[in-house]
Amino acid sequence: PLSKADTKHKIEVIEPPFRESASEDIRINVKLTNLSDVPWSSEGNERGEFKVGLGYHALNARGDMLVYDNPRTRIPFVIVPGESIYLPIQVPVSQLEQGVAQIQIEMVQEAVNWWGVAETISLDVEKLLAENA
């Protein structure tokens with residue numbers, strides 16, 4: 001497990017959420033910077049524990065959690081201290097249809113914990129549902 005100091009990072013949303021076509025999920029591109037002194041990897045042990053990934057929680061307009069656990073975006077290879085990488089978050093359109101209006105993007109180490117420094121963005125649900133429809 002990584003210590004609190006080993007999880008220092010910054011998440012920046014680099015463009016508004018979008019859909020490339022009517023059949024595509026919502027895509028949110030983020031810049032992730034490792035501000036710690038250790039490298040991170042999406043490789044864990046044989047049980048899948050300890051791997052590091054980027055995940056999200058889905059909330060309604062009032063901020064109530066609708067979907068807590070979603071698929072992770074894996075870190076390709078490793079991200080070394082001081083390095084930034086660009087990663088996508090994919091949000092199923094079906095979640096918008098169920099009332100999701102906000103996304104909390106957060107780092108997680110599997111079988112350990114969520115890192116607790118979430119970047120929350122509001123979604124323009126009407127625009128995203130109509131985009132490329």
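1. Reading the model. Residues are numbered from 1 along each chain as its sequence is written, side-chain values use heavy atoms, and hydrogens and water are left out. Because this is a predicted model, local features need pLDDT of at least 70 and side-chain atom pairs count only at pLDDT 80 or more, while totals for chains, interfaces and linings use all residues. Helices (H or I, at least four residues) and strands (E, at least two) are DSSP runs, numbered from the N terminus.

2. Strand 9 and its cover. Strand 9 covers residues 102-109, and 8 of its 8 residues are buried, where buried means under 20% relative accessible area, exposed means over 50% and partly exposed lies in between (1.4 Å probe, protein chains only). Gln102, Gln104, Glu106 and Val108 point one way from strand 9, whereas Ile103, Ile105, Met107 and Gln109 point the other way, and all are buried.

3. The partners of strand 9. Two strands are said to pair if DSSP finds at least two bridges between them. Strand 9 pairs with strand 4 in the antiparallel sense over 8 bridges, and in this pairing histidine 57 stands opposite glutamine 104. Strand 9 also pairs with strand 11 (residues 119-122), again in the antiparallel sense, over 4 bridges, with isoleucine 103 opposite isoleucine 121. Strand 10 runs antiparallel to strand 9 and is joined to it by 2 bridges, and the bridge partner of valine 108 in strand 10 is tryptophan 114.

4. Two residues with a positive phi. Most residues other than glycine have a negative phi. Which residue takes a positive phi in the hairpin of strand 9 and strand 10? Alanine 111 does, with a phi near 65 degrees, in a hairpin that has 3 residues between the strands. Alanine 111 is exposed, with a relative accessible area of 60%. Phenylalanine 50 also has a positive phi, of about 80 degrees, although it is not a glycine, and phenylalanine 50 is found in the loop between strand 3 (40-41) and strand 4 (52-59). Phenylalanine 50 counts as partly exposed, because its relative accessibility is 31%.

5. A buried serine in a loop. Serine 36 lies in the loop between strand 2 (26-34) and strand 3. Is serine 36 buried or exposed? Serine 36 has a relative accessible area of 4%, and is therefore buried. The side chain of serine 36 makes a polar contact with the side chain of asparagine 34 at 2.7 Å, and the side chain of serine 36 also reaches the backbone oxygen of aspartate 6 at 3.3 Å. A polar contact is a pair of N or O atoms within 3.5 Å; within protein, one must be able to donate a hydrogen and the other to accept it, and residues adjacent in sequence count only if both atoms are side-chain atoms. Not counting residues up to four places away in sequence, serine 36 touches Ala5, Asp6, Thr7, Lys8 and Pro81, where contact means heavy atoms within 4.5 Å.

6. Side chains of opposite charge can pair when their charged atoms come close. The structure holds 7 salt bridges, a salt bridge being a side-chain nitrogen of Lys or Arg within 4 Å of a carboxyl oxygen of Asp or Glu. One of them joins glutamate 43 to arginine 74, with the closest N and O atoms 2.7 Å apart. This pair links distant parts of the chain, since glutamate 43 is in the loop between strand 3 and strand 4 and arginine 74 is in strand 6, 31 residues apart. Glutamate 43 is exposed at 55% relative accessibility, while arginine 74 is partly exposed at 46%. Arginine 72 and glutamate 110 meet in another salt bridge (2.5 Å, N to O), and they are 38 residues apart, with arginine 72 in the loop between strand 5 (65-67) and strand 6 and glutamate 110 in the loop between strand 9 and strand 10. Arginine 72 is partly exposed, with a relative accessible area of 27%, whereas glutamate 110 counts as buried at 18%.

7. Glu46, Arg47 and Glu49 are linked in a network of salt bridges.
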